[in-house]
Amino acid sequence: MSNQLLEGKKGIIFGALDEQSIAWKVAEKAHEAGAAFTLTNAPIALRMGKINELAASCQSEVIAADATNIEDLENLFRQSMEILGGGKLDFILHSIGMSPNVRKNKAYTGLNYDFLAKTIDISALSFHKLLQTAFTMDALNEWASVLALSYIAAQRAFPGYNDMAEAKATLESIARSFGYHYGKAKKVRINTISQSPTMTTAGSGVSGFDAFIDYAEKMSPLGNASAEDCANYCVVMFSDLTRMITMQNLFHDGGFSQTGVSEAIMELMGEGK
Ligand SMILES: NC(=O)c1ccc[n+]([C@@H]2O[C@H](COP(=O)([O-])OP(=O)(O)OC[C@H]3O[C@@H](n4cnc5c(N)ncnc54)[C@H](O)[C@@H]3O)[C@@H](O)[C@H]2O)c1
């Protein structure tokens with residue numbers, strides 16, 4: 001279904017790695033909705049080359065940027081504004097997550113602290129860095145909408161999520177704090193979307209992910225929200241229909257976050273007796 005909710009809007013989408021990436025689906029949906037945007041990812045991720053296929057189908061250009069590097073971010077904003085016609089931007093998607101501790105199978109009780117610093121820098125501080133760069137360069141129009149993707153491990157213990165829980169709690173706090181300052185100064189709104197577990201490269205790094213997706217599916221009255229559902233929600237959040245929503249963590253999880261237990265899980269427990 002095509003709509004033109006984002007007609008005339010310009011933005012930057014971080015984090016499309018392959019077709020499974022949530023950011024990939026957001027790019028496709030934003031393009032369908034009439035937006036123009038640049039795509040960006042870390043130089044190492046661009047070497048995979050996949051993103052060029054997405055860029056071709058969305059008539060977008062790809063700009064390399066390590067989201068933890070301020071010079072890269074300044075260059076990204078400068079180039080994006082030039083490529084997209086010279087004016088300021090209307091939306092940004094931060095869809096970035098990586099934990100060296102998860103990658104190297106470190107237990108939460110045996111973390112490597114250099115890795116933890118990297119997890120937080122890549123998965124959370126990069127959000128502050130891109131916001132501060134945009135703020136300093138005055139790169140966003142009034143009522144621009146900035147989103148980052150989060151997970152409910154920011155609020156509750158999910159053992160397999162490891163130190164990404166700390167990163168997500170920080171990420172949500174940055175959305176709140178920067179949302180205040182950017183809202184007061186420029187009427188820019190900043191939110192996080194807390195998404196269901198979704199089968200992607202980042203997602204499948206979490207230990208026992210298959211069983212976990214199945215559990216969340218059975219716990220959620222509507223089932224798990226797909227990457228495509230998430231992309232639709234992002235489009236609405238980038239649009240003018242949601243202008244007064246800011247500083248929020250928005251659950252997009254089929255009802256998981258509000259469910260204590262479901263009949264499907266109760267039945268499974270009964271079978272296990
Ligand atoms: N998949 C899930 O279950 C799930 C659930 C809730 C939230 N999220 C969040 O959604 C976001 C997107 O993840 P995804 O599931 O689409 O996986 P993904 O692996 O496709 O995306 C993660 C992206 O982060 C990028 N990245 C890593 N380091 C970077 C750096 N230094 N600079 C710039 N980019 C960098 C990767 O190249 C990749 O494109 C992440 O924040 C993730 O935590 C995912």
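The following dialogue examines a predicted model of a protein chain with a ligand.

Trainee: What makes the protein chain agree with a compact globule?

Mentor: With 273 residues, a compact globule would have a radius of gyration near 19 Å, and the protein chain has 18 Å; therefore the two agree.

Trainee: How do you know that Gly179 in helix 7 counts as buried?

Mentor: A residue is buried if 20 or more other C-beta atoms lie within 10 Å of its own. Gly179 is listed among the buried residues of helix 7, as are Leu171 and Phe178. The cover over the buried residues of this helix includes helix 5, helix 6, strand 5, strand 6 and strand 7. Of the 273 residues of the protein chain, 44% count as buried.

Trainee: What is the kink in helix 7, and where is it centred?

Mentor: The bend is the angle between axes fitted to the seven residues ending at a residue and the seven starting there. In helix 7 the kink is about 25° and is centred on Gly179.

Trainee: How does the reach of helix 7 compare with what is expected?

Mentor: Helix 7, residues 164-186, has 23 residues.

Trainee: Which residues come nearest to the ligand, and which element gives the most to the shell around the ligand?

Mentor: Ser21, Gly97, Thr200, Ala202 and Gly203 come nearest, out of 27 residues around the ligand. Helix 8 gives the most to the shell, with three residues.

Note on methods:
Residues are numbered from 1 along each chain as its sequence is written. This is a predicted model: local features need pLDDT of at least 70, side-chain atom pairs count only at pLDDT 80 or more; totals for chains, interfaces and linings use all residues. The radius of gyration is taken over C-alpha atoms; the globule rule is 2.2 Å times the number of residues to the power 0.38. A residue is buried if 20 or more other C-beta atoms lie within 10 Å of its own, exposed if 12 or fewer, and partly exposed in between; C-beta atoms are placed from the backbone. A residue is near a molecule or strand if its C-beta atom, placed from the backbone, lies within 6 Å of it. Helices (H or I, at least four residues) and strands (E, at least two) are DSSP runs, numbered from the N terminus. The expected span of a helix is 1.5 Å times one less than its number of residues. Two residues are in contact if their C-beta atoms, placed from the backbone, lie within 7 Å.
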